[in-house]
Amino acid sequence: MAFNNQMRFLLVLVFIFTSLGLSAEEATKQDTSAFWLNLKPKVIEYLDKNVNASNFKYELMGPVVPMKKFLGNLPSVPVTISGFNPNSKSDIQTLLVKAKNGEFINVQVKILKYRNVLVSKKNHAVNELLSIENFATEKRLVIPRDYDLYADAPLGNVTLNTNLAAGSPLKRNMLVQQQMIRGGENIRVISESAHLKLEFRCQALTSGTVGATITVKCPDINKASVKAKVEDIGLARLL
């Protein structure tokens with residue numbers, strides 16, 4: 001009975017397509033796609049339930065291998081679908097669609113992820129010092145594996161290693177952190193406790209950005225050199 005129902009459905013489709021002037025070969029191709037068209041709404045229903053539209057956007061691509069018959073032999077056979085991984089770094093994910101009789105197919109879906117990115121309001125030149133006022137935050141779709149490549153606010157004491165056109169997103173690999181202290185410079189070094197704050201005039205022996213540990217030489221400290229943590233331009237805190 002199941003076989004007869006399937007054949008009846010296929011014959012009706014072939015009759016419709018051939019009545020539209022399609023060749024027997026074209027009718028067969030359209031006929032084959034009908035298997036996927038029957039399954040497609042079920043896959044869409046699964047994706048709509050499992051893909052958070054606030055964080056992701058999906059594009060259903062279709063079966064990895066063209067379908068040659070109904071999954072489970074009948075259009076009405078229920079299926080189970082699994083495989084979407086919100087933590088995947090890939091933009092192409094493969095779903096497993098399985099019927100109760102054990103038959104299955106793999107279906108591919110393209111996944112993009114929403115992210116707030118910094119977008120340049122103007123053209124920036126290489127080596128230009130950046131200011132957050134020249135950037136706007138926009139929600140854009142990005143490939144999941146590229147999610148961490150984009151820069152976040154705030155920007156502080158950084159320049160570009162490339163030109164950046166207006167409307168383009170800012171990426172981390174475009175940024176060059178400027179040295180807040182350079183080796184050989186005279187700087188201020190502070191030492192602070194609950195009851196006492198001291199400040200020394202010292203010479204930086206090494207360079208560093210904010211948060212970096214540098215080596216300094218301070219005439220008023222009876223040591224050849226000491227370590228300090230960079231806090232600002234020309235300022236470090238004794239460790």
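Contact is defined here as heavy atoms within 4.5 Å. The model is predicted, so local features need pLDDT of at least 70 and side-chain atom pairs count only at pLDDT 80 or more, while totals for chains, interfaces and linings use all residues. Residues are numbered from 1 along each chain as its sequence is written, and side-chain values use heavy atoms, with hydrogens and water left out.

With neighbours within four places in sequence left aside, His124 is in contact with Leu130, Asn134, Phe135, Leu160, Asn163 and Leu164. His124 lies in the loop between E4 and strand E5 (135-142); helices (H or I, at least four residues) and strands (E, at least two) are DSSP runs, numbered from the N terminus. The relative accessible area of His124 is 3%, so this residue is buried. The classes are buried, under 20% relative accessible area, exposed, over 50%, and partly exposed in between, with a 1.4 Å probe and protein chains only. The His124 side chain reaches the backbone oxygen of Lys122 at 3.2 Å. This falls under polar contacts, a polar contact being a pair of N or O atoms within 3.5 Å; within protein, one must be able to donate a hydrogen and the other to accept it, and residues adjacent in sequence count only if both atoms are side-chain atoms.

Nonpolar cores were also identified, a core being a set of buried Ala, Val, Leu, Ile, Met, Phe, Trp, Tyr and Cys residues joined through side-chain atoms within 4.5 Å. The largest has 23 residues, and those with the most contacts inside it are Leu39, Val43, Leu47, Leu71, Leu95 and Val97. Two or more residues are given to this core by each of helix H2 (24-50), strand E1 (56-63), strand E2 (79-82), strand E3 (92-99) and strand E4 (104-120). H2 supplies the largest share, six residues. Apart from this core lies another, of 15 residues, including Ala204, Val226, Val230 and Ala236.

Val97 touches Leu39, Val43, Leu71, Val79, Thr80, Ile81, Glu103, Phe104, Ile105 and Val107, when residues up to four places away in sequence are not counted. In E3, the covered face consists of Gln93, Leu95, Val97 and Ala99, and the uncovered face of Ile92, Thr94, Leu96 and Lys98. E3 pairs with E2 in the antiparallel sense over four bridges, two strands being paired if DSSP finds at least two bridges between them. Across this pairing, Thr80 stands opposite Lys98 in E3. E3 and E4 also run antiparallel and are joined by seven bridges, with Val97 opposite Ile105 in E4. The hairpin of E3 and E4 has four residues between the strands, and Gly102 in this hairpin takes a positive phi near 95°.

Five strands take part, in the order E8-E9-E10-E11-E12, and the pairing is mixed. From one strand to the next the twist averages 50°; axes are lines fitted to C-alpha atoms, for helices over the stretch in contact, and angles run from 0 to 180 degrees between N-to-C directions. Strand E8 (residues 186-192) pairs with E9 in the antiparallel sense over seven bridges, and a hairpin of four residues joins E8 to E9. E9 and E10 are likewise antiparallel, over two bridges, and the bridge partner of Gln203 in E10 is Lys217. E11 and strand E12 (residues 235-238) run antiparallel and are joined by four bridges; the partner of Lys229 in E12 is Arg237.

Arg201 is located in strand E9 (residues 197-204), where Arg188 stands opposite Arg201. Arg201 counts as exposed because its relative accessibility is 52%. Beyond its neighbours within four places in sequence, Arg201 is in contact with Ile187, Arg188, Cys218 and Pro219. Arg201 and Val189 are 12 residues apart in sequence, with a C-alpha to C-alpha separation of 6.4 Å in space.

A search of the whole structure finds one disulfide, the criterion being a pair of cysteine sulfur atoms within 2.5 Å. The disulfide is formed by Cys202 and Cys218, with sulfur atoms 2.0 Å apart. The S-S torsion of Cys202 and Cys218 is about 105°, so the disulfide is right-handed. This pair links distant parts of the chain, 16 residues apart: Cys202 is in strand E9, and Cys218 is in the loop between strand E10 (213-217) and strand E11 (226-232). Both Cys202 and Cys218 are buried.
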